[in-house]
Amino acid sequence: MASLLINLILILSLFATLFLPVTPQSCNSFTFPNDINFKSCKDLPVLDSSIHWNYYASSRAIEVAFKKANAKESSWVAWAINPTSSGMVGSQAFVAIRRSDSDGTLRAYTSPLTSYATTLQEGNLSFPVRSVSASYRRSSIIIFASFQLLTNATVVSHVWQEGLVGDDGTLRAHSFSGPNVQSFGTLDFASGKGWKYAYVGIIISIVTVALVLGVVTWFCVCNNKVTKKEEVDTNQEQA
């Protein structure tokens, strides 16, 4: 019985790990240069990325930093929002390019996405952009941007992406499989929606542990009842 109980605990523990979220390094732990601080942040589920922002309701102004960790030597990264729809077309992108054959400087600019065949040409966005820049820190490319929403709607669709830069400086297309086709979602600038996911993970963990303990307790109680019944039957036979 003891070995069966141990096996049951191991099986339940393995089952529990399948549903527990893997928590990467928190976006709150990253330190930006020049004492730049952001009130809200969200760890994005793919492409080693996170988004950090400040939202000013009175002016609808937003300060944002998109961070792509583990960036390749010659690569481009982009983060875009779609203020009017949920698809890629119509998104307004902030782009950063880093080339290994240069002196390490980055180029940052804006690009409106007008088709799926975009090559991220530089252009004005559909809303006012006050500034856009980029930096490289701890193997991460960071895009800094300041812009203003045209409406009071603060929930937007957003996409983020990465790709390589060719020797001639052209931007190569990103991969069309795996994480590169999963890099999209929604973002609420006003509420800082990212915090919910941490609490969901905690709740799932607590519920899972409670279920495991409940099953183990039930097993032990049942096993104890069976053992006592066997002892009673044995005593009756001996009598």
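Please note that the model is predicted: local features require a pLDDT of at least 70 and side-chain atom pairs a pLDDT of 80 or more, whereas totals for chains, interfaces and linings use all residues. Residues are numbered from 1 along each chain as its sequence is written, and side-chain values rest on heavy atoms, with hydrogens and water left out.

I begin with the cysteines. A disulfide is taken here as a pair of cysteine sulfur atoms within 2.5 Å, and by this rule the count is one disulfide. Its partners are Cys-27 and Cys-41, whose sulfur atoms are 2.0 Å apart. The pair links distant parts of the chain, 14 residues apart: Cys-27 is in the loop between helix H1 (2–17) and strand E1 (40–43), and Cys-41 is in strand E1. Helices (H or I, at least four residues) and strands (E, at least two) are DSSP runs, numbered from the N terminus. The link of Cys-27 and Cys-41 is right-handed, with 65° about the S-S bond. Both cysteines, Cys-27 and Cys-41, are buried; buried means under 20% relative accessible area, exposed over 50%, and partly exposed in between, with a 1.4 Å probe and protein chains only.

I turn now to charged side chains. How many salt bridges does a search of the whole structure find? It finds three, where a salt bridge is a side-chain nitrogen of Lys or Arg within 4 Å of a carboxyl oxygen of Asp or Glu.

One of them joins Glu-162 and Lys-68, with the closest N and O atoms 3.5 Å apart. This pair links distant parts of the chain, with Glu-162 in strand E9 and Lys-68 in strand E3 (residues 61–68), 94 residues apart. Glu-162 counts as buried because its relative accessibility is 15%, and Lys-68 counts as buried at 3%.

Arg-98 forms a salt bridge with Glu-73, again with the closest N and O atoms 3.5 Å apart. Arg-98 is in strand E5 (residues 92–98) and Glu-73 in the loop between E3 and E4. Arg-98 is buried, at 10% relative accessible area, whereas Glu-73 is partly exposed, at 48%.

In a further salt bridge, Glu-122 meets Arg-107 at 2.6 Å, N to O. Here Glu-122 is exposed, at 54%, while Arg-107 is partly exposed, at 42%.

Next, the aromatic rings. Rings of Phe, Tyr and Trp (its six-membered ring) pair if their centres lie within 6.5 Å; planes under 30 degrees apart count as stacked, over 60 as edge-to-face and the rest as tilted. The structure holds eight aromatic pairs. Among them is the edge-to-face pair of Phe-32 and Phe-144, 5.9 Å centre to centre with 65° between the planes. Phe-32 is in the loop between H1 and E1, and Phe-144 is in strand E8 (residues 140–148), 112 residues apart. Phe-32 is buried at 7%, as is Phe-144 at 13%. Trp-53, Trp-79, Phe-94, Phe-127, Phe-147 and Phe-189 form one aromatic cluster.

Finally, the second largest pocket. On a 1 Å grid over the protein atoms alone, a pocket is an open set of points where a 1.4 Å probe fits, with protein on both sides within 12 Å along at least five of seven lines; lining residues have an atom within 4 Å of a point. The lining has 25 residues, and Trp-76, Met-88, Thr-118, Gln-161 and His-174 lie nearest the pocket's centre. Strand E4 (75–82) and strand E9 (155–164) are the elements that give two or more residues to this lining, and E4 provides the largest share, four residues.
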